[in-house]
Amino acid sequence: MIIGVPKEIKNNENRVAITPAGVEAMVRTGHNVVIETNAGVGSGISDEQYVAAGAQILPGPKEVFDAADMIMKVKEPLPPEYELFKECQLLFTYLHLAPEPELTRALLNKKVIGIAYETIQLEDGSLPLLTPMSEVAGRMSIQIAAQVLEKPHGGKGILMGGVPGVLPAKVTIVGGGVVGTNAAKIAVGMGAEVTILDNNPNRLRYLNDIFGARLKTLMSNSYNVKDAVSQADVVIGAVLIPGAKAPKIVTEEMVKAMSPGSVIVDVAIDQGGCVETVNRVTTHAEPTFVKHGVVHYSVANMPGAVARTSTFALTNVTLPYAIALANKGYMTAIREDKALARGVNVIDGKVTYKAVAEALNLEYTPLEKITGNPFLH
Ligand SMILES: NC(=O)C1=CN([C@@H]2O[C@H](COP(=O)(O)OP(=O)(O)OC[C@H]3O[C@@H](n4cnc5c(N)ncnc54)[C@H](O)[C@@H]3O)[C@@H](O)[C@H]2O)C=CC1
Ligand SMILES: CC(=O)C(=O)O
């Protein structure tokens with residue numbers, strides 16, 4: 001199989017979908033890898049390193065898409081990439097289709113086989129290809145909030161950890177999964193007063209076991225969210241229902257009740273955002289906007305800013321699945337691996353992930369109708 005890796009084009013997206021180690025592994029198993037020139041520079045990987053590992057460098061995205069049977073990317077394709085898809089091409093990347101009707105249409109029109117990193121799901125419910133980037137984004141969210149709280153960045157001028165004799169910042173984290181837990185680690189470490197809300201009591205028990213008295217856990221319901229948000233200097237949005245558009249847990253009324261110069265980091269923006277006032281995706285170039293006196297941050301590719309760390313963390317987990325797809329072909333690979341099968345969002349011009357179909361009001365086709373495998377869902 002020919003595996004193609006284009007350079008990412010999202011604003012300040014410095015990650016790349018394969019490392020030289022990945023190239024070497026693919027080549028060793030008999031595949032060819034073509035990579036767009038300079039695709040790795042943002043992550044500190046040169047064309048020469050890729051060539052030494054066995055890849056061929058191509059001059060532009062068109063050459064890569066034209067040559068490849070399987071495209072490996074990091075972020076969802078952007079409009080200039082839609083016209084590059086080949087009919088029935090395999091696309092392995094983050095897709096986040098629920099808030100992206102035009103991308104979904106483009107994939108359906110070209111009958112692209114779209115396997116989304118973020119919906120590959122193990123039997124225990126975990127999302128192994130989302131986890132490392134959620135670890136990165138969760139940790140970053142507090143670093144970012146600490147900076148935005150500073151007066152020159154529009155914040156109210158509070159030091160996250162306070163100083164002896166002066167109280168620290170109050171941080172409210174909505175969603176206690178991977179992002180939420182990693183945000184809590186950093187916030188607690190910086191000395192903030194942290195409250196974390198989730199609607200899964202088992203998750204709250206786990207957080208209580210891990211953090212003990214260093215943070216407060218609270219059941220997520222609108223009464224508790226309202227109370228915790230109104231008191232917060234920082235709110236981190238970290239809710240996820242896999243594949244679905246994020247529910248708006250923090251409402252506009254709740255944001256209005258926050259004091260001026262408070263900060264919201266809506267990490268869940270890649271699924272549409274879980275804060276009602278976050279009505280747009282921002283970029284690393286212009287990361288914040290102010291609404292109701294509160295500074296909002298809603299960058300959908302946060303890990304792209306720490307690309308060296310993120311590229312290696314991401315490819316550590318994507319490579320085994322990519323190798324399975326290349327070695328077996330997508331149909332056998334998804335028939336043999338339920339977790340991978342859950343990643344299939346679109347195939348053969350049909351939407352095969354229920355939450356995506358529901359979010360976009362499109363017809364849902366169970367994957368087993370295409371694979372003939374009854375066990376998949
Ligand atoms: N902006 C960015 O650059 C990045 C965004 N993300 C996104 O961050 C979001 C969170 O990801 P993870 O933490 O990995 O997901 P996760 O699945 O580990 O955690 C989500 C948590 O939300 C909880 N939840 C669901 N409904 C809730 C409700 N009504 N109230 C409170 N909690 C609720 C779940 O119980 C779960 O614990 C996702 O949308 C993910 O795609 C992840 C990485 C980078
Ligand atoms: C998960 C995601 O959207 C990202 O890493 O950019």
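Which pocket is the space taken by ligand 1? Select ligand 1: the space that it takes is the largest pocket. On a 1 Å grid over the protein atoms alone, a pocket is an open set of points where a 1.4 Å probe fits, with protein on both sides within 12 Å along at least five of seven lines.

Before moving on, a word on conventions: this is a predicted model, where local features need pLDDT of at least 70 and side-chain atom pairs count only at pLDDT 80 or more, while totals for chains, interfaces and linings use all residues. Residues are numbered from 1 along each chain as its sequence is written, chains are lettered from A and ligands numbered from 1 in the order in which they are written, and side-chain values use heavy atoms, with hydrogens and water left out.

**Stop 1: around ligand 1**

Now show the 29 residues around ligand 1 (a heavy atom within 4 Å). S134, D198, S220, D270 and M302 come nearest. Colour the shell by type and you will find 16 nonpolar, 10 polar and 3 charged residues. Here Ala, Val, Leu, Ile, Met, Phe, Trp, Tyr, Cys and Pro count as nonpolar, Asp, Glu, Lys and Arg as charged, and the others, Gly among them, as polar.

Next, pick out the polar contacts (N or O atoms within 3.5 Å). S220 has a polar side-chain atom 2.7 Å from a nitrogen atom of ligand 1, and for N199 the distance from such an atom to a ligand nitrogen is 3.4 Å. At V299, look at the backbone instead: one of its polar atoms is 3.0 Å from a nitrogen of ligand 1.

**Stop 2: around ligand 2**

Zoom in on the oxygen atoms of ligand 2. One lies 2.7 Å from a side-chain N or O atom of R15, and K75 brings a polar side-chain atom to 2.7 Å from a ligand oxygen. For D270, the side-chain distance to an oxygen of ligand 2 is 3.1 Å.

Note on methods: Polar contact = N/O pair within 3.5 Å; in protein donor to acceptor, adjacent residues only side chain to side chain. 1 Å grid on protein atoms, 1.4 Å probe; cavity = no way out; pocket = protein on both sides within 12 Å on 5 of 7 lines; lining within 4 Å. Sits in = over half its atoms within 2 Å of the grid points.
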